[in-house]
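Biologist: Please put the structure up. Then we can go through it by question and answer.

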Amino acid sequence: MPPTATANTTRKNNDEGPRTADQLLDTAPDPRPGLRAYLEVKRAALLAKREAERAGSVTEPNRLRARTKAEERSGVRRIRIRHHQILSDSPPDFAGYDLGPASPEIQLGVLSSCLTHIFLIQAADLRIPLDSLEVEVQADQDPRAGQPGFEQVPIYPHNISYTVHITSPATKARIRELHETVERKCPIYNLLVNPQSVTGRVVLTGSPEEI
């Protein structure tokens with residue numbers, strides 16, 4: 001996927017004259033703090049996590065889990081992740097109540113959230129000041145997919161693209177560096193752009209048998 005991010009800056013941006021990242025973050029004019037104070041906190045947390053990893057406190061991969069149950073009578077999907085809950089629902093024209101986004105919409109939201117988070121992490125790590133950050137993700141999904149005449153249309157969201165809106169005093173070169181680093185390190189972005197293996201099984205409640 002080619003980079004599609006755009007940097008919108010309210011201050012003069014240019015690539016003239018090298019300035020160290022620390023110097024830029026520490027001395028750049030700050031008429032409205034925006035995200036800069038948070039990036040300092042994020043950087044401290046990032047350095048602490050790295051130190052803990054070097055000390056050997058992390059010994060195995062994290063096992064991520066999510067569980068969804070269809071609510072009786074309404075069919076609303078209640079997604080449980082740790083102590084959090086997210087509702088997913090269908091619009092009224094598909095026997096839903098529109099109490100939450102549909103699954104494909106949640107997937108786009110997950111990508112936008114992950115990209116946003118990795119932009120924050122890498123901005124803190126690279127010492128690139130940000131005043132504002134917003135990531136918009138779009139995709140196509142055709143309800144006619146698989147029907148006669150539309151057999152070749154994917155049933156899944158496709159033509160996925162994202163746009164990053166950034167306000168920063170950093171140079172264009174530094175913003176490009178940030179963008180390239182994010183695409184290398186964003187977990188969900190790389191999950192989607194690389195082939196994956198997914199396995200599944202069905203278990204009948206009250207029975208040891210699998211189908």
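Predicted model: local features only at pLDDT ≥ 70, side-chain atom pairs only at ≥ 80, totals over all residues.

Modeller: Residues are numbered from 1 along each chain as its sequence is written, and side-chain values use heavy atoms, with hydrogens and water left out.

Biologist: What percentage of the 211 residues is buried?

Modeller: Buried means under 20% relative accessible area, exposed over 50%, and partly exposed in between (1.4 Å probe, protein chains only). In the protein chain of 211 residues, the buried share is 29%.

Biologist: At what angle do H3 and H4 pack?

Modeller: Axes are lines fitted to C-alpha atoms, for helices over the stretch in contact, and angles run from 0 to 180 degrees between N-to-C directions. H3 covers residues 103-126 and H4 covers residues 172-185. Their axes lie 9 Å apart, and the angle is about 125°.

Biologist: Which class does that make H3 relative to H4?

Modeller: Angles under 35 degrees count as roughly parallel, over 145 as roughly antiparallel, 65 to 115 as roughly perpendicular and the rest as oblique. At about 125°, H3 is therefore oblique to H4.

Biologist: How do the residues of the contact of H3 with H4 divide?

Modeller: Contact means heavy atoms within 4.5 Å. From H3, Leu115, Ile118, Phe119, Gln122, Ala123 and Leu126 meet residues in H4, among them Arg174, Glu177, Leu178 and His179. Ala, Val, Leu, Ile, Met, Phe, Trp, Tyr, Cys and Pro count as nonpolar, Asp, Glu, Lys and Arg as charged, and the others, Gly among them, as polar. The contact residues come to 7 nonpolar, 3 polar and 3 charged.

Biologist: Is Arg82 buried or exposed?

Modeller: Arg82 is not a glycine, although its phi is positive, about 55°. Arg82 sits in the loop between strand S3 (77-81) and strand S4 (84-88). Its relative accessibility is 68%, so Arg82 is exposed.

Biologist: Where is Asn159 found?

Modeller: Asn159 is not a glycine either, yet has a positive phi of about 50°. Asn159 is exposed, at 55% relative accessible area. Its element is strand S6 (residues 158-167).

Key
Helix = DSSP H or I, 4+ residues; strand = E, 2+ residues; numbered from the N terminus.
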